[in-house]
Amino acid sequence: MISRKTASDIWLCHDEIEKAEKLLVDLEELKKQWPREQHLRDVFGRPAGLQLGVPSGQNSHRLFDVDPELAKSCITAHIAQKKAELATANERARIELDGGVD
């Protein structure tokens with residue numbers, strides 16, 4: 001039987017990959033809506049970049065002007081990392097199914 005942790009790890013990897021791939025699609029849609037010479041704009045019409053943040057309560061930090069190409073690179077790297085973790089979790093599941101690990 002596959003352990004609860006292994007099943008959870010597999011699900012979390014799939015979920016992160018799905019969300020990240022959706023972000024890439026959304027980013028491409030944004031690029032189509034905005035001409036190259038025009039920037040993304042905030043609700044007040046000011047030029048704005050994408051945001052990258054670390055939500056950790058009082059110590060949260062956020063960058064407000066992340067370049068879309070840099071964001072795309074980060075998301076792509078995240079997908080690759082999660083796919084590698086997924087491959088490891090899938091192998092662990094196979095071993096568990098074969099009775100190799102309790």
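Reader: Why is Lys-83 called partly exposed?

Author: Happy to start there, with the reminder that this is a predicted model. Lys-83 has a relative accessible area of 45%. Partly exposed covers the range between the 20% limit for buried and the 50% limit for exposed, so Lys-83, at 45%, belongs in that class.

Reader: What makes Lys-83 and Glu-21 a salt bridge?

Author: The N to O distance between their side chains is 4.0 Å. The cut-off asks for a Lys or Arg nitrogen within 4 Å of an Asp or Glu carboxyl oxygen, so the pair of Lys-83 and Glu-21 qualifies. Lys-83 belongs to helix 2 (residues 68-97) and Glu-21 to helix 1, so this bridge ties together parts that are 62 residues apart in sequence. Glu-21 is partly exposed too, with 36% relative accessibility.

Reader: How do you know that Asp-9 and Lys-5 form a salt bridge?

Author: Their closest N and O atoms are 2.9 Å apart, and since the limit is 4 Å, the pair of Asp-9 and Lys-5 counts. Both residues sit in helix 1 (residues 4-33), and because they are four residues apart, about one helical turn separates them. Asp-9, by contrast, is listed among the buried residues of helix 1.

Reader: What makes Glu-91 and Arg-94 another such pair?

Author: Here the closest N and O atoms lie 2.5 Å apart, and because the cut-off is 4 Å, Glu-91 and Arg-94 form a salt bridge. The two residues are both in helix 2, three residues apart, or about one turn of the helix. Glu-91 has a relative accessible area of 36% and Arg-94 has 42% relative accessibility, so each counts as partly exposed.

Reader: Why are strand 1 and strand 2 called a pair?

Author: Four bridges join strand 1 (residues 50-54) to strand 2 (residues 61-66). Pairing needs at least two bridges, so strand 1 and strand 2 pass. They run antiparallel, and Gly-53 stands opposite Arg-62 in strand 2. The hairpin has six residues between the strands, and within it Gly-57 takes a positive phi near 65°.

Reader: How do you know that the length of helix 1 agrees with what its residues should span?

Author: At 1.5 Å a residue, its 30 residues should span 44 Å, and the end C-alpha atoms of helix 1 are 43 Å apart, so the two values agree.

Reader: What makes up the largest nonpolar core?

Author: It holds 10 residues: Ile-10, Cys-13, Ile-17, Ala-20, Leu-24, Ile-75, Ile-79, Leu-86, Ala-89 and Ala-93. Helix 1 and helix 2 are the elements that give two or more residues to this core. In soluble globular proteins, nonpolar side chains tend to be buried together. Taking one member, Ala-20 is in contact with Ile-75, His-78 and Ile-79, leaving aside its neighbours within four places in sequence. The buried residues of helix 1 pack against strand 1 as well as helix 2. Across the chain, buried residues make up 21% of the 102 residues.

Reader: Why is Met-1 called exposed?

Author: Met-1 has 82% relative accessibility, and the class begins over 50%, so Met-1 is exposed. Met-1 lies in the segment before helix 1. Beyond its neighbours within four places in sequence, Met-1 is in contact with Glu-96 and Leu-97. The C-alpha atoms of Met-1 and Asp-98 are separated by 8.3 Å, although these residues are 97 apart along the chain.

Reader: And what makes Gln-81 partly exposed?

Author: Gln-81, a residue of helix 2, has 44% relative accessibility. That value is between 20% and 50%, so Gln-81 counts as partly exposed.

Terms used: Residues are numbered from 1 along each chain as its sequence is written. This is a predicted model: local features need pLDDT of at least 70, side-chain atom pairs count only at pLDDT 80 or more; totals for chains, interfaces and linings use all residues. Side-chain values use heavy atoms; hydrogens and water are left out. Buried means under 20% relative accessible area, exposed over 50%, partly exposed in between (1.4 Å probe, protein chains only). A nonpolar core is a set of buried Ala, Val, Leu, Ile, Met, Phe, Trp, Tyr and Cys residues joined through side-chain atoms within 4.5 Å. Contact means heavy atoms within 4.5 Å. The expected span of a helix is 1.5 Å times one less than its number of residues.
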